Amino acid sequence: MNTIFSRREMLTTMSSGIGWLAFSALAHARSGLASKEPHFPARAKRVIFLTMRGGPSHVDLFDYKPELIKRDGKTASLGRDSAGAKLFGPVHPLKQFGKSGQWMTTLYPQLAQHADDLCIINSMHTDLPNHAQAFGQMHSGSFQFVRPSIGAWTLYGLGTENENLPGFITLNPPADNGGAQNYGSSFLPAICQGTRIGGSQLPELYAALLKKDVAPGPPMKNIVPAVSSDLQRAQIDLIRGLNERKMERDGVDPEIEGAIESFELAFRMQSEVPGVLDLRSEPEHILKLYGIGQAKDQFARQCLLARRMAEAGVRFIEIASPGNWDHHNRLRELLATNCAATDQPIAALLTDLKARGMLKDTLVVWAGEFGRTPYAQSGDGRDHNHKGYSIWMAGGGVKGGLTYGATDEVGHKAALNPMHIHDWHATILHLLGLDHTRLTYNYGGRDFRLTNVSGEVARGILA
Amino acid sequence: MKLTRTLWALLVAVHASGDDGASFFESKIRPVLVKHCYECHSAESGKSKGGLMLDTKAAIRAGGDTGPAVVPGDAAKSLLLTAIKHSDPDLEMPPKEPKLPDAFIADFEAWIKSGADDPRDSATKVAERAPVDVKSGREFWSYKRPMMPKQASGGIDGFIREKLAETGLKPAPPAEPRVLMRRLYFDLIGLPPSDFSEKSAPANYEKQVDELLQSPRFGERWGRHWLDVVRYAESNGRESNLTFPHAWRFRDYVIDAVNADVPFDRFISEQIAGDLLPAKDDAERARLLIATGFLAIGPKGLNEQNKAQFAADVADEQLDAVTRAVLASSIACARCHDHKTDPFSMEDYYGLAGIFKSTQTFYGNWVDSENNNQGHLIRLPELPGQLIPNKSIPAERVKQLKAELAKLNQEEKDQKAYAEKAREEGRDITGEFYKMLQTAIRIIWTRGGIEGQLERVDDQGRALPLCVGVKDNKLILDSQLYDRGELAHPVKAVARGFPQVLEIKVAAPKEQSGRLELALWLTSRDNPLTARVMVNRVWRHLFGAGLVRTVDNFGFSGERPSHPELLDYLAIRFMDGGWSVKELIKEIVMSETYRQASGGQRAKSAEADPENRLLSHANKRRLDAEVIRDSMLAVSGLLDESRRPGSLVAELDGQSVSLMGFNTKLPSDLDGSHHRSVYLPVIRDHLPDVLEQFDVANPNLVTGDRDVTNVPLQALYLLNGSFVQEQAAALAKRIQASPHRVNLAFQLCFNRMPDEEEVALAEKFLRQGSADDLKLLAAFCHSLLASAEFRFAD
């Protein structure tokens, strides 16, 4: 990519006005993004982001709409795209849970036990109803351009708590919808990029026949050193020497700097990662809590891994839901399947974090790229809806037991306290102690932000 | 800081200027406009109801169909005010919503009366409306035919320099011959030069270019680029990941066609309609059938039980792949509604869909527990020396299988007759339902496997030459247009045909699917996209970024070209020159723009052109996954340049990818081969380690622009991967006997001698053990392979 500055040029340019973060990013490049002070005291030190890809149906899960139930089967008059379509009431009942009486689907019985910890936002909206664009916008704020992911911004802003682990890890991310861009660093230093762990695993049936573990944690290939530790250290020093020599000849290049850092990190990871990924050290009751050992427990393993990584100091952890929530048809059946696959592990994660006293400074986010239409598609499904949908957050400084914002009477469009992706990102950064207007990176003469030129912190959800 | 015009535009758009009028606008007016009006009246939303846009100063003053929205100083004439005040019942805005609060309306009134200060002036990006109808579509740059620019005598360099001069930038000096030679080798054949001293003399450059273009290695490199675009894979992926053991023939077809420089228009036609093209002999017939594999190798929802849905989805995937690959267009978005940002209607979509629905796809998967949709295969003419990797079986076994098949068919018939009889007699057999269902499933799954086996051999059990691909359906039918894409809601039949926005006179015939005409339509000189899209793809591979950086998206939501005239110039030259990809590549690599150094006056260009869109210097580029791996094999001396016959996938038993876990003969990283990487198995969701680590194209998607990531997992692979260790050990053996082994290692890996500092580093490393310590020498070589210089082209 671009070789931008020589080191001298970089320093000169910086003295004329690049933000303090760019300077500290450079200063910390040697030490692998050491921990940095936030702009103001943080409520959350880290984020566990549960990505529900495909667009979960908010009117079936969290957004209770009596009017929609009443008008089930009636013609929807919601503009061009709904022409002729019929309103479609929730396919499974919603009920109130907890002291707070939060409305939630009955398909999430275990998560519902945490109703008083959840801050449910029913007024989300995003710009486009297409998966790839909306998925990209959910991660980077932009549906059009390749921009740094929110995880990369977090790492850039706060550095890492553990220099032996990547600060931003994504477990089994979906390869579509922009793939690596969703955990990419774009113009931020390459070391801010998410490290992908995982890949395809053996189906249970074959694993049993082969007497192999389905997934002893997501697979981590090449983690066993090929040579003795001393020799490898010498190798890495030689590689670093060659790379530095190259930069002296060619000028500082963020890609090469990133490569130097990634070898250092890789070397340290070899000693730390196997321990973090090894779930066998967890006691039986914890494995049970998450549902590990049951059929299809991959997501449960990931949730437990997320807790272990959070504990070990990883700043931003993203997990993708096992199923896709893109329910254009057979919503009733498929929604139940997806909820069943995620209910226990997510509930366990919240229980576990709470028991360890970590929920108060760990922000858990549950979100898809958009929601679904209140009217039917194919008779028994719903189409994409970006004008209003739901997500929830828990821990990390958000008010539990709160339902924030609302859609119109049938759940089509955000109406009360609408929260655009930019507002949501601004709020997440705020919880992390970062002012979204000050978390900037000067690239090509312009100070870029995760929230572009908008974004308002939703103060109403702050605990 | 000196700001360029573009930067000003950005800053002005972002920050209100200091004066009061603008700050009033920013605090009181803009937020209301954004919140209540932009949805129907802005470039961002792509809508301009009533011809009105409200997102720029010019647009708000020009107004819409009924007159200016804002007349500075004149509240009465400002229709915007009329509308939000609800003083005219025919013009109440925002529609279907309560009237805005009085305070807002008062703000607007005050703002207009005081002169309607509006900072969103001409410096803001000119608002562009999404060309969603045919008329505006024909005005959009990419749907207009390319025109040869008037000033084209300076060729590529002329266009590049003109833009550089406008920005006050100068081109970089020529790259060092050694650097240029490495760049050229990586770009053209994907391997490092083995010997460079004499070849790299500038006088020999053109000769070198010609030699590389003629090398069989060229097709392996550039064929792979095309395989990215056509989402080539040897398995289905998705929820039923079954192998395509005959797909490799398509891979070889592509490599051979690229080597033979088959004209690109012909190349496209062969892949879309090879079965309908005339063939002079059996060899050509086979080649043309194999070419249609393009349409057969996409991911499919094999477990779909509804046949009509499956057929519609396969046609959709084909339509999407063809239009993205050839036109960089997302026409498939119009399946459920008219395209939201481009001029493609549902009629356009279903016109094309009818063509694919009148086509039968042969992908070879038989029915089993994972697959409800039998794929069949195309039988190829038998040719001398033809490779047939599928296995023969004894003639006796064929007889046996046929007997089993007959038995199963009879069993099925009997069960059906039994149920029918019970129904006639009014006898209740619900108690037997479960047992009957089990029998039915057993019959279907067993029969699937037998039919699959029988299709691969003749009556004597001799393995047949087979391929995946397409042929016309027996039934040629127009498709219905389905409301919101739902098969349950047909609206009307749409005649097979082509999107309206491009004015090309071709019609689909009654008696054929129309794929041949689709090929003609795509490769017509009047098609404004095909040539532009291809020259842009080529440009991307030679410079690291396309002239249109969104190489797979030439629509409204894609980027605009950095050098529109250059793009047109290249597209027209490409068509005029008989669509020769090799000539196109030659013209580009002979340009001074391609040959410039990657260094140069960086500080200046970093400020004026941070992304090097204007090409004031060459881009440093991380090599592609295949090039990294092949280069390791090349320097270790282990590279086997011969073509791998067939594919590993063709040698697997059964069709389920999941079952590969049983096969202990397979290396877990699917690697270990010494052939070039293009011949490694491409199993969806199960790619060889090295390719996966270094951002290989995702074979589920049309990919013209791979990601480039830089993560610790790559470092772990380079440090600990068994393949890298093997190459390092081989390289150590190769240099061991040389008295100048460090120099030799540097020459092999980097095509240069080490400098003093590097010699010192190397010697320090090697002093850790004795001179004949081969393991230490391998560790040294390993470090060179893992260094950044090895995987970057300068």
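Modeller: Just after H14(A), A:Gly433 has a positive phi of about 85°. Helices here are DSSP runs of H or I with at least four residues, strands are E runs of at least two, and both are numbered from the N terminus. This is a predicted model, where local features need pLDDT of at least 70, side-chain atom pairs count only at pLDDT 80 or more, and totals for chains, interfaces and linings use all residues. Residues count from 1 along each chain as its sequence is written, while chains are lettered from A and ligands numbered from 1 in the order in which they are written.

Colleague: How many of the residues of helix H14 of chain A are buried?

Modeller: Buried means 20 or more other C-beta atoms within 10 Å of a residue's own, exposed means 12 or fewer, and partly exposed is in between, with C-beta atoms placed from the backbone. For H14(A), residues 421–431, that gives 11 of 11 buried, including A:Trp424 and A:His430.

Colleague: And what do those buried residues of H14(A) pack against?

Modeller: Contact means C-beta atoms, placed from the backbone, within 7 Å. The partners in chain A include strand S1 (46–51), helix H6 (131–140) and strand S8 (362–367).

Colleague: Over in chain B, how do the axes of H20 and H22 cross?

Modeller: Two packed helices are described by the angle between their axes and the distance between the axes. Axes are lines fitted to C-alpha atoms, for helices over the stretch in contact, with angles from 0 to 180 degrees between N-to-C directions. The axes of H20(B) (530–543) and H22(B) (581–590) come within 11 Å and cross at roughly 45°. That makes H20(B) oblique to H22(B), since under 35 degrees is roughly parallel, over 145 roughly antiparallel, 65 to 115 roughly perpendicular and the rest oblique.

Colleague: Which residues make the contact?

Modeller: B:Val535, B:Val538, B:Trp539 and B:Leu542 of H20(B) meet B:Val581, B:Leu584, B:Ile585, B:Ile588 and B:Val589 of H22(B). They divide into 9 nonpolar, no polar and no charged; nonpolar covers Ala, Val, Leu, Ile, Met, Phe, Trp, Tyr, Cys and Pro, charged covers Asp, Glu, Lys and Arg, and the others, Gly among them, are polar.

Colleague: B:Arg484 has a positive phi too, though it isn't a glycine. Is B:Arg484 buried or exposed?

Modeller: B:Arg484, with phi about 50°, sits in the loop between strands S7 (479–482) and S8 (490–494) of chain B. It has 21 C-beta neighbours inside 10 Å, so B:Arg484 counts as buried. B:Asp695, phi about 65°, has 19 other C-beta atoms within 10 Å and is therefore partly exposed.

Note on methods: Two residues are in contact if their C-beta atoms, placed from the backbone, lie within 7 Å.
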